[in-house]
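Here is a walk through one model, element by element. Have the structure open as you read.

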Amino acid sequence: MEFVSALQGLLSLVHSPKRLAVMACLNSVDTANYQTLKAYMGVGYPALSKAVGALEEAGLVNVSKAFDGKTPITDLSLSRKGRKVYAEYLECLDRIVVGFGP
């Protein structure tokens with residue numbers, strides 16, 4: 001992959017630190033509970049909600065809401081498209097970190 005192509009492959013949607021962290025965490029599991037992800041990332045509800053909302057709107061993250069009694073449960077997962085976009089993003093990063101190398 002050409003360096004210029006790799007730079008162009010760094011989608012700003014994914015490149016945000018919080019959105020990248022969400023995608024990285026979700027890529028490592030089938031699903032994750034919103035509360036678990038929030039605690040793991042050390043962010044507040046508004047920041048996580050904004051990051052997840054942007055990724056969901058783009059079709060990269062699936063959000064499933066249910067209730068355990070009266071307690072809301074929100075599960076998150078990467079969509080098929082999300083896994084593909086994340087893998088392509090990592091390929092671009094791999095190429096960029098090489099710099100002038102092969």
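## The last helix

Helix 6 has 19 residues, which at 1.5 Å a residue should span 27 Å; its end C-alpha atoms are 28 Å apart, so the two agree. (The expected span of a helix is 1.5 Å times one less than its number of residues. Helices, H or I with at least four residues, and strands, E with at least two, are DSSP runs numbered from the N terminus.) This is a predicted model, in which local features need pLDDT of at least 70 and side-chain atom pairs count only at pLDDT 80 or more, while totals for chains, interfaces and linings use all residues. Residues are numbered from 1 along each chain as its sequence is written, and side-chain values use heavy atoms, with hydrogens and water left out.

Which residues of helix 6 are buried? They are Gly82, Val85, Tyr86, Tyr89, Cys92, Arg95 and Ile96, where buried means under 20% relative accessible area, exposed over 50%, and partly exposed in between, using a 1.4 Å probe and protein chains only. These buried residues pack against helix 1 (3-8), helix 2 (12-15), helix 3 (17-27) and strand 3 (71-78); contact here means heavy atoms within 4.5 Å. Just past the end of helix 6, Gly99 takes a positive phi of about 65 degrees.

## A salt bridge along the helix

Side chains of opposite charge can pair when their charged atoms come close. Take a salt bridge as a side-chain nitrogen of Lys or Arg within 4 Å of a carboxyl oxygen of Asp or Glu, and the count comes to one. The partners are Glu88 and Lys84, with their closest N and O atoms 2.8 Å apart.

Both residues sit in helix 6 (residues 80-98), four residues apart, or about one turn of the helix. Glu88 counts as partly exposed because its relative accessibility is 35%, whereas Lys84, at 53%, counts as exposed.

Three strands make an open sheet in the order 1-3-2, with antiparallel pairing. Strand 1 and strand 2 are the edge strands, each pairing on one side only. Two strands pair if DSSP finds at least two bridges between them. Strand 1 (residues 32-33) meets strand 3 over two bridges, and Ala32 stands opposite Leu76 of strand 3. Strand 2 (residues 61-68) pairs with strand 3 over eight bridges; in one of these pairings, Phe67 has Pro72 as its bridge partner. The hairpin of strand 2 and strand 3 has two residues between the strands, and Gly69 takes a positive phi near 70 degrees there.

Two residues of strand 3 are worth a look. Ser77 belongs to strand 3 and is buried, since its relative accessible area is 13%. Leaving out residues up to four places away in sequence, Ser77 touches Leu26, Asp30, Thr31, Leu60, Val61 and Asn62. Thr71 is also in strand 3, but at a relative accessible area of 45% Thr71 is partly exposed. From Thr71 to Lys50 it is 21 residues in sequence and 21 Å in space, C-alpha to C-alpha.

## An aromatic pair

How many aromatic pairs does a search of the whole structure find? The search finds one. Tyr34 and Tyr45 are stacked, at 6.1 Å centre to centre with 10 degrees between the planes. (Rings of Phe, Tyr and Trp, the last by its six-membered ring, pair if their centres lie within 6.5 Å; planes under 30 degrees apart count as stacked, over 60 as edge-to-face and the rest as tilted.)

Tyr34 lies in helix 4 (residues 34-41) and Tyr45 in helix 5 (residues 45-57), so the pair ties together parts that are 11 residues apart in sequence. Tyr34 is buried, with a relative accessible area of 12%, while Tyr45 is partly exposed at 43%.

## The whole chain

Stepping back, the protein has six helices and three strands, running α-α-α-β-α-α-β-β-α from the N terminus on. Its C-alpha atoms fill a box of roughly 55 × 25 × 20 Å, taken along the principal axes. Buried residues make up 30% of the 102 residues. Among contacts with a separation of 6 or more, 57% come from residues 24 or more positions apart.

An unreviewed UniProt entry carries the annotation "domain: Winged helix DNA-binding" over residues 19-97. UniProt positions are given in the numbering used here, feature names are shortened, and annotations may be inferred rather than shown by experiment. In the model, that span is 61% helix and 23% strand, and its end C-alpha atoms lie 20 Å apart.
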